[in-house]
Amino acid sequence: MATISDIGVAAAINILTAFAFFIVFAVLRIQPVNDRVYFPKWYIKGLRSSPLGTGAFVGKFVNLDFRSYVRFLNWMPAALQMPEPELIDHAGLDSAVYLRIYLTGLKIFVPIAFLAFTISVPVNWTNNTLEHSNLTYSDLDKLSISNIPTGSCRFWTHLVMAYAFTFWTCYVLKTEYETVAKMRLHFLASENRRPDQFTVLVRNVPPDPDESVSELVEHFFLVNHPSDYLTHQVVYNANVLSQLVNKKKKMKNWLDYYQIKYSRNQARKPSLKTGFLGLWGNRVDAIDHYTSEIERLSREISLERDKIVNNPKSIMPAAFVSFKTRWGAAVCAQTQQTRNPTIWLTGWAPEPRDVYWDNLAIPFVSLALRSLVIAVAFFFLTFFFMIPIAFVQSLANIEGIEKALPFLKPIIEMKVIKSFIQGFLPGIALKIFLIFLPSILMLMSKFEGFISLSGLERRSAARYYIFQFINVFLGSIITGTAFQQLDNFIHQSATQIPKTVGVSIPMKATFFITYIMVDGWAGVAGEILRLKPLIIFHLKNFFMVKTEKDREEAMDPGTLGFNTGEPQIQLYFLLGLVYAVVSPILLPFIIVFFALAYVVYRHQIINVYNQEYESAAAFWPDVHGRIIVAVIVSQLLLMGLLSTKEAAQSTPLLIALPILTIWFHLFCKGRYEPAFVRYPLQEAMMKDTLERAREPNLNLKSFLQDAYRHPVFKGKDDSDSDEAPEEFEKEPGLVPTKRQSRRNTPLPSKQAGSVSSSHREAQDYPLL
């Protein structure tokens, strides 16, 4: 049975672990040799220079200013000093709003914890129900609702608390939703000109036997958007070419490595074996081998590029279409283009950095089938994972282990071992089981066909949240209850089982406390240490770097990781809201997590992370929706728990809470969500008008011409695709239609001049 002292020892272990991480980080971050690891964002912005080039030889690598070691925690107040508007300019709105999730947690749970500990905890503690029961319980369980006797009038306290917590949570959520919506609209109105503001992605372009996709797209938009259409870029299936280019870059890295190695020791030329992983095969000269491989790949890249240019099948039925104004793009992106709603599908294009090019080559008609396959696969992944979760939960209870393995009882009862098992081992074991899950879920999202990195991360985050809700939360309660109360289930009548389950739900608070400390406290502290990027940077710096440019490329600033970070936060929202009424002892641990994570991630956003994209906080409706789900789940579980407590008078009054919460969610969805899914035409017109006044001679076409060209055609590699093929350099011109059954466009062709007047008069471009 876990005691308060056991939890105290477990907390001490996790606190010391987190503090050790912070001390190591504080020492490593001030060493000149690690400057690019802990401040890469400033290097990327060009606002920081390497300290390795100045001072004495030892001072280039080791910080000799001993006063800086005394101020080892000064990074914490420094992380809080940057105002939010400056933070948005520095890191983007996505990063600033992501931090507001942690602030939302603090705003919700600090007042709730104060109310719970001043009212609910004394009501729970001043009973002796558990002492006179046959249930397995801990000292902490006396602080929970389990210690209230059946049928007691004290349950009215928990009913009032449930209403108070729900209303306060909804108030904070409404305030934050309104604030973030205003921040998003202000950001969109004030930010610099971006290609995605003028561009839509059109998909499922219908095939035509007489015209190419490029000609068809241009004809369609010149006819249906004659005053706003500017240019377009068709989508090419360049996945094979992209793989070849990436493979060549890896070969170049190995060639650079062996050339540096040879320059350091010219007495011996480096060699390698050509077999699997270099373990067997013929031994050859490494430099000659990679030189010949690069030459071979260059030839393959050239052939593949020509194949894409000359093969019409390489052109997908999709295109990025750009407009002269934001207003024109907004009209096109937010309206149906034809009477057939399954073709000429338009939507806002992701910003160029956000495009996931590989999935643009997936036929649109196959997306529904892919979604079905992934849904089935995710279902089996989620529920088969219950097996290891059940095993992990068996480790959370000392009595359960002693019953299964009685010969280990003398060892387990040792204070240190017992505290370690209950306070550290279950959380670590569960964390290990979950370590590969984000990668699996991201692969699922890629297979499903999302065309943007933000879309991939948001879908992965949604699935990760569902997985954690079922396995970590529900799985921990159900399997934990089954193991913990197995003896009671066997020796009591079936009518008593619901009562046992209901009482046992709050008893899992002990496990969740240890999970919060391991996954939350120690996990956040480990995040700031950046051990993996530190090791990789120094390995690259020693073996691969020969120029300052190489050293910059060796940096790995990383990103926020919305697909893993946000579901973790949502799990703590769920735990806090569920246990706020049932067992408030969790709340201080959750508050510490939110506060610690806010400081750490603010520091990382300012100094480290370099976001791959900017979605202008488009993820906030997902965040809001999941917190609402947590509120409703907490209400339903409380209803189920009170129904086992014979609180017949108070339980029916809880039915109104889920109804009110759903109504609140629908209100917020209708009032604030449109700002995240649509761009107001009024805002678009205002920004266009201001831009025309400020820059009357703006050449928008040159700004947009190459924005959505596939990266492999932009000439970033120094030998392949140095110059994009001519097909990609010129704008596809409008020519008189080749279709005999249809008439020509009424507008003059950009290549062939004006069409005949008879054609202009007879134009009747059909709705497809």
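**Note on the predicted model: salt bridges, rings and surface**

1. The structure holds 21 salt bridges. A salt bridge here is a side-chain nitrogen of Lys or Arg within 4 Å of a carboxyl oxygen of Asp or Glu. Side chains of opposite charge can pair when their charged atoms come close.

2. Some ground rules come next. This is a predicted model, in which local features need pLDDT of at least 70 and side-chain atom pairs count only at pLDDT 80 or more, while totals for chains, interfaces and linings use all residues. Residues are numbered from 1 along each chain as its sequence is written, and side-chain values use heavy atoms, leaving out hydrogens and water.

3. Now the overall build. The protein chain has 34 helices and six strands. Both are DSSP runs numbered from the N terminus: helices are H or I with at least four residues, strands are E with at least two. Buried residues make up 52% of the 768 residues. Buried means under 20% relative accessible area, exposed means over 50%, and partly exposed lies in between (1.4 Å probe, protein chains only). Take the contacts (heavy atoms within 4.5 Å) between residues at least 6 apart in sequence: 79% of them join residues at least 24 apart.

4. Back to the charged pairs. Glu695 and Arg193 meet in a salt bridge, 3.1 Å from N to O. Glu695 sits in the loop between helix 31 (681-694) and helix 32 (700-704), and Arg193 in the loop between helix 8 (155-190) and strand 1, so the pair ties together parts 502 residues apart in sequence. Glu695 is partly exposed at 33% relative accessibility, and Arg193 is partly exposed at 23%. Both belong to a network of salt bridges that also links Arg326, Asp688 and Glu691.

5. Two other bridges deserve a look. Asp196 pairs with Arg194, with the closest N and O atoms 2.8 Å apart. Both residues are buried. Arg296 and Glu300 meet at 2.6 Å, N to O. These two lie in helix 11 (residues 286-310), four residues apart, about one turn of the helix.

6. What about the rings? There are 42 aromatic pairs. Rings of Phe, Tyr and Trp (its six-membered ring) pair if their centres lie within 6.5 Å; planes under 30 degrees apart are stacked, over 60 edge-to-face, and the rest tilted. Phe25 and Tyr38 have ring centres 5.4 Å apart and planes at 70 degrees, so this pair is edge-to-face. Phe25 is in helix 1 (residues 4-29) and Tyr38 in helix 2 (residues 35-38). Both are buried.

7. Which residues give a nonpolar patch on the surface? Among them are Leu369, Val373, Phe380 and Phe447; the patch has about 1,000 Å² of accessible area together. Patch residues have over 30% relative accessible area and no salt bridge; like charges are joined within 9 Å, nonpolar side chains (Val, Leu, Ile, Met, Phe, Trp, Tyr) within 5 Å. Areas come from the Shrake-Rupley method with a 1.4 Å probe; for residues, only the protein chains shown count as cover. Helix 13 (residues 367-384) gives the most, with eight residues.

8. Finally, check the backbone. Most residues other than glycine have a negative phi. Asn204 has a positive phi of about 60 degrees, although it is not a glycine. Ala616 also has a positive phi, about 55 degrees, and is not a glycine. Ala616 is buried, with a relative accessible area of 2%.
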